[in-house]
Amino acid sequence: MMRVLVVEDDKELNQFIRTALKREGFAADSAPNGKAALELARDTEYDVILLDVMMPELGGLSVLKELRKKGDPAAILMVTSQGSEHDKLAGLNSGADDYIVKPFLVSELIARIRAVLRRRDPAPSAGATLLKQGDVQLDLLKHSAEVKGKPVELTKKEFELLECFMRHPGEMLTQSVLESRVWGMEFAPDSNTVEVHVNHLRDKISTGKRPLIVTLRGVGYRFEP
């Protein structure tokens, strides 16, 4: 699941954008200002950063320059109410991938996000679309799964869960991490949504030996291919 950081000091607009992104299948985090954006980008790898230009204290252009200085690979889309050519050129020359001017349609924003992602990874090779860990193989392009060469039918969320596990073999993934990466949200503390999906997935990819997904009670889950 693609992860987007929304950097916008207008709380209502920030929430509106994140809600729209989640409806389109993106995971979305929020930063209310430039300082918070830099802290989040330091600890989390984002595919796209929506960066408001006009923010108090640390403006969008300053954040952009700092991100590029540190080598952040995220696609950066500048968001502003100023549509002058000077502002656009300043952002693009500082490392932004695209620009969108307020007010904008949600459909245009989503289209621009997908466009910058395509430009950054226009044609993945066949190898890049295949994940293989032990007896389990995922074809990200065909959205298919195999265990020991035999096809396994997975739901959309089961597929995304397995992809997440296969990208982090041997690592302990907490429930909150899985909620964020697969569902793009956090559930109530007493929710068993993740547990139910993991149990179904574990049964479907079983090889008849030991379980490939180990539950660490009170901690999380680990994929052991």
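Q: Where does Val 106 sit?
A: In this predicted model, Val 106 belongs to helix α5, which spans residues 106–120, helices being DSSP runs of H or I with at least four residues and strands runs of E with at least two, numbered from the N terminus. Residue numbers start from 1 along each chain as its sequence is written, local features need pLDDT of at least 70 and side-chain atom pairs pLDDT 80 or more, while totals for chains, interfaces and linings use all residues. Side-chain values use heavy atoms, with hydrogens and water left out.

Q: Is Val 106 buried or exposed, or in between?
A: Val 106 is partly exposed, with a relative accessible area of 26%, where buried means under 20%, exposed over 50% and partly exposed in between, using a 1.4 Å probe and protein chains only.

Q: And what does Val 106 touch, not counting residues up to four places away in sequence?
A: Val 106 touches Phe 16 and Ala 20 on that count, contact meaning heavy atoms within 4.5 Å. Phe 16 lies 90 residues from Val 106 along the chain, and their C-alpha atoms are separated by 9.4 Å.

Q: Switching to the core: which residues touch the most other members of the largest one?
A: Leu 162, Phe 165 and Phe 223 do, in a nonpolar core of 25 residues, such a core being a set of buried Ala, Val, Leu, Ile, Met, Phe, Trp, Tyr and Cys residues joined through side-chain atoms within 4.5 Å. At least two residues each come from β7 (136–139), β8 (144–147), α6 (156–166), α7, α8 and β12 (220–223), and α6 gives the largest share, six residues.

Q: What is Phe 165 in contact with, leaving aside neighbours within four places in sequence?
A: Its partners are Leu 173, Leu 178, Val 198, Leu 201, Ile 213, Tyr 221 and Phe 223.

Q: How do α7 and α8 pack?
A: Helix α7 (residues 175–183) and helix α8 (residues 193–204) pack at about 80°, with their axes 10 Å apart; the axes are lines fitted to C-alpha atoms over the stretch in contact, and angles run from 0 to 180 degrees between N-to-C directions. The two helices are therefore roughly perpendicular to each other, the word used for angles of 65 to 115 degrees.

Q: Which residues make that contact?
A: Gln 175, Leu 178, Glu 179 and Trp 183 contribute from α7, and Thr 193, Val 194 and His 197 from α8.

Q: And how many helices and strands are there in the protein?
A: The protein has eight helices and twelve strands.

Conventions:
Parallel < 35°, antiparallel > 145°, perpendicular 65-115°, else oblique.
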